[in-house]
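Please look at the sequence and the model first, then read the notes below.

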Amino acid sequence: MAVVAPLSASYPVLTVTLSLLSGEHLSAARATGIACTMLGVLLVAAGEKAPDANDPEAMRRSGKGIGWALASAVGFGLLFWLLGNRVIPRVGAPQTVWMIRMTCTVIAAVVILISRQPMKLPRNTRAISLGMGLGDTTAFVLSNRAMQIEQIAVVSVLGSLYGAVTVALASIVLREHVSRSQWLGIAAIFFGIYLMSR
């Protein structure tokens, strides 16, 4: 996670770049806010603990997900740029989420069938899985709606804050340790949000 999370969460760099190249203009305050927020996201994600040297499985996997994380960042970056510039203006915010969900369902079903994994969820995870699906779908609808009324560069950066929110909730609810660099990242995020709202 210490390597994968910051790489995966860096997708707004590509979205912002593509948005600027396709004609979006950012004020100096918003550009500074985006930079502060991205720095904050990377500080929060990079503050995750590195694999324990006494855990051979964690050490074996360490570094092997870099390519997948970069591919994820590129995929998300392109997705949000395409959504904001091409798809949502023509299709609409909620309709776009249905298209994404149907595509994901088909792809996931094919992968599950090919890998011969059981499709039935264990009883103790059904409610959590439904809650996660509801939260994720609601977040996508709200993000898509935001792209209809706000700059894509700003929305994609704000959408990447899920990792920082998770760290903050883990600190508050689970009493997990948050490092100084993570708190610094959270402060940078809030300062960036303030600047983007100017």
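In this predicted model, the buried residues of helix α10 are Q182, G185, I186, A188, I189, G192, L195 and M196.

**Helix α10**
- Helix α10 covers residues 180–196 and has 17 residues.
- From its first C-alpha to its last, α10 reaches 24 Å, close to the 24 Å expected at 1.5 Å a residue.

**Helices α5 and α6**
- Two packed helices are described by the angle between their axes and the distance between the axes.
- Helix α5 spans residues 66–91 and helix α6 spans residues 93–115; they pack at an angle of about 120°, and their axes are 9 Å apart.
- Helices α5 and α6 are therefore oblique to each other, and their crossing is right-handed.
- On the α5 side, L79, L83, V87, I88 and V91 take part, and they meet A93, Q95, T96, M99 and I100 of α6.
- The residues of this contact of α5 with α6 comprise eight nonpolar, two polar and no charged.

**The whole protein**
- The protein contains 10 helices and zero strands, and along the sequence its pattern reads α-α-α-α-α-α-α-α-α-α.
- Of its 198 residues, 32% count as buried.
- Among contacts between residues at least 6 apart in sequence, 85% join residues at least 24 apart.

Definitions and conventions
Residues numbered from 1 in each chain as written. Predicted model: local features only at pLDDT ≥ 70, side-chain atom pairs only at ≥ 80, totals over all residues. Heavy atoms only, no water. Helix = DSSP H or I, 4+ residues; strand = E, 2+ residues; numbered from the N terminus. Expected span 1.5 Å × (residues − 1). Buried < 20%, exposed > 50% of the residue type's maximum accessible area, 1.4 Å probe, protein only. Axes fitted to C-alpha atoms, helices over the stretch in contact; angles between N-to-C directions. Parallel < 35°, antiparallel > 145°, perpendicular 65-115°, else oblique. Left-handed = near helix turned anticlockwise from the far one by under 90°. Contact = heavy atoms within 4.5 Å. Nonpolar A, V, L, I, M, F, W, Y, C, P; charged D, E, K, R; others polar.
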